Amino acid sequence: MLVVMDRNATEEQIQAVVAAIERQGYTARPITGGNRVSIGIVNNPGPVDPALFIGLAGVKDAIAITKPYKLVSRESKPADTVVEVGGVRIGGRQPVLIAGPCAIESDQQALAIARHVSRYGASIFRGGAFKPRTSPYSFQGLGEKGLEILARVRQETGMPVVTEAMDCETFGLVEQYADMVQIGARNMQNFSLLKRAGQSGLPVLLKRGISATVEEWLMAAEYIMESGNSRVVLCERGVRTFVRHSRNTLDLSAVAVIRRESHLPVIVDPSHAAGRREQVLPLARAAAAAGCHGLMVEVHHRPEEAFSDGAQSLYPEQFARLSRETGMLFRLLYSPDKDTEP
Ligand code: PEP
Ligand code: MN
């Protein structure tokens, strides 16, 4: 932490900050020169709370240097983590495609879509049984019936399945059927749910909150790891901005930041970022080029009849093209003769 003093801070104010730092058991190192004094804090065993100092007289700012996350950080584990989901590896040199409808609607719907996406290169099937909907009047998902359908899809196609757990009450039920449990954007900071996910034996797909910073997102992953589960995959799905031309704004720089800051795999969901089918392919290409470990895409065989998110769901043939084109980009970036990874 660096405490930056006002230009006209008095010697007494500087000494008061030094004393406040020392009261915490840390060492203060005033840095003079230029037209203001800054005070470095050293010998702190972990992150220091800026709130301890920003209210003191004469203080302009307090800048954190030590990151608050530990278990998720690359400093604590330099090598990339690979998370296995029902035999499929996420985070290695083989990028993964997760695809399926927004919501499980029926046996026929789920199986029809699963067969399409499997044929076109998906290795994990997605589909919501418990749906977090903005309106209480919208389709809320089939619940346990949807989970049973997911289990049948796995049996019929061999694909592992990922589905969302919305609360602690139904987490156990989701665990009985799923190969991977999704924590949705709206629940990224539901700390009791994160702790419950930390006690799970299943891998967790943690989506980025609708307006979460990368640091908040990593701290959410830290909750899961700190509770005992190190099988976490991060998913960038767009954040809310001022734009109206897409549902959210896909933040691909987050992929680069995560890959630098964390050893955890990071995938991208262009569907919920776009909100419109025609933007999904360009965003998927860009995500592949940005160096993510895979993509999660909504696909529907009859999107005009979908119970949710039909506008952003790809037709199966569009998914085939996405798979082909992102596959080329992934191969370029991850080719085995390259000694560096994206
Ligand atoms: C989903 O993937 O089904 C979903 C609801 O996405 P998000 O939580 O990112 O909105
Ligand atoms: Mn959806």
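Helices and strands here are DSSP runs, numbered from the N terminus. N43 falls between two such runs, in the loop that links β3 (38-42) to α2 (51-54). The model shown is predicted.

**Figure 1. Overview of the protein.** The protein holds 11 helices and 14 strands. Its C-alpha trace spans about 75 × 45 × 40 Å along the principal axes. The protein has 342 residues, and buried residues make up 52% of them.

**Figure 2. Loop residue N43, with a positive phi.** N43 sits in the loop between β3 (38-42) and α2 (51-54). Phi of N43 is near 65°. That is a positive value in a residue other than glycine. N43 has a relative accessible area of 56%, over the 50% cut-off, so N43 counts as exposed.

**Figure 3. Loop residue D309, also with a positive phi.** D309 is placed in the loop between β14 (294-298) and α11. Its phi is positive, at about 55°. D309 is not a glycine either.

Figure 4. S106 belongs to the loop between β7 (96-100) and α3 (107-119). Its relative accessibility is 22%, so S106 counts as partly exposed. Leaving aside residues up to four places away in sequence, S106 touches L142 and I149. S106 and I149 are 43 residues apart along the chain. Their C-alpha atoms are separated by 7.3 Å.

**Figure 5. Q108, within helix α3.** Q108 is part of helix α3. Is Q108 buried or exposed? At 59% relative accessibility, Q108 counts as exposed. The view also takes in D80. Q108 and D80 are 28 residues apart in sequence. In space, 39 Å separates them, C-alpha to C-alpha.

Figure 6. The loop between β10 (180-183) and α6 (191-198) contains N187. N187 has 13% relative accessibility, under the 20% cut-off, and therefore counts as buried. Its contacts, not counting residues up to four places away in sequence, are with E164, A165, M166 and L193. C235 lies 48 residues from N187 along the chain. The C-alpha atoms of N187 and C235 are separated by 13 Å.

**Figure 7. K207 and its surroundings.** K207 lies in strand β11 (residues 204-207). With 4% relative accessibility, K207 counts as buried. Which residue makes a polar contact of 2.6 Å with the side chain of K207? The partner is D269, through its own side chain. D269 is also on the list of residues that K207 touches, which leaves out residues up to four places away in sequence. That list includes Q182, I183, G184, A185 and M188. Also on it are W217, C235, R237, H272 and M296.

**Figure 8. Helices α7 and α8 packed together.** Two packed helices are described by the angle between their axes and the distance between the axes. Here α7 covers residues 214-226 and α8 covers residues 253-261. They pack at an angle of about 50°, and their axes are 11 Å apart. Helices α7 and α8 are therefore oblique to each other. The crossing is right-handed. From α7, the residues V214, W217 and L218 take part in the contact. They meet A254, V257, I258 and E261 of α8. The residues of this contact divide into six nonpolar, no polar and one charged.

**Figure 9. Helices α10 and α11 side by side.** Helix α10 spans residues 277-290, and helix α11 spans residues 316-334. Their axes come within 8 Å. They cross at roughly 15°. How are α10 and α11 oriented to each other? An angle under 35 degrees counts as roughly parallel, so α10 and α11 are roughly parallel to each other. Their crossing is right-handed. On the α10 side, the contact involves R277, V280, L281, A284, R285, A288 and A289. On the α11 side are Q318, R321, L322, E325, T326, L329, F330 and L333. The residues of this contact divide into nine nonpolar, two polar and four charged.

Terms used. Residues numbered from 1 in each chain as written. Chains lettered and ligands numbered in written order. Predicted model: local features only at pLDDT ≥ 70, side-chain atom pairs only at ≥ 80, totals over all residues. Heavy atoms only, no water. Axes fitted to C-alpha atoms, helices over the stretch in contact; angles between N-to-C directions. Helix = DSSP H or I, 4+ residues; strand = E, 2+ residues; numbered from the N terminus. Parallel < 35°, antiparallel > 145°, perpendicular 65-115°, else oblique. Left-handed = near helix turned anticlockwise from the far one by under 90°. Contact = heavy atoms within 4.5 Å. Nonpolar A, V, L, I, M, F, W, Y, C, P; charged D, E, K, R; others polar. Buried < 20%, exposed > 50% of the residue type's maximum accessible area, 1.4 Å probe, protein only. Polar contact = N/O pair within 3.5 Å; in protein donor to acceptor, adjacent residues only side chain to side chain.
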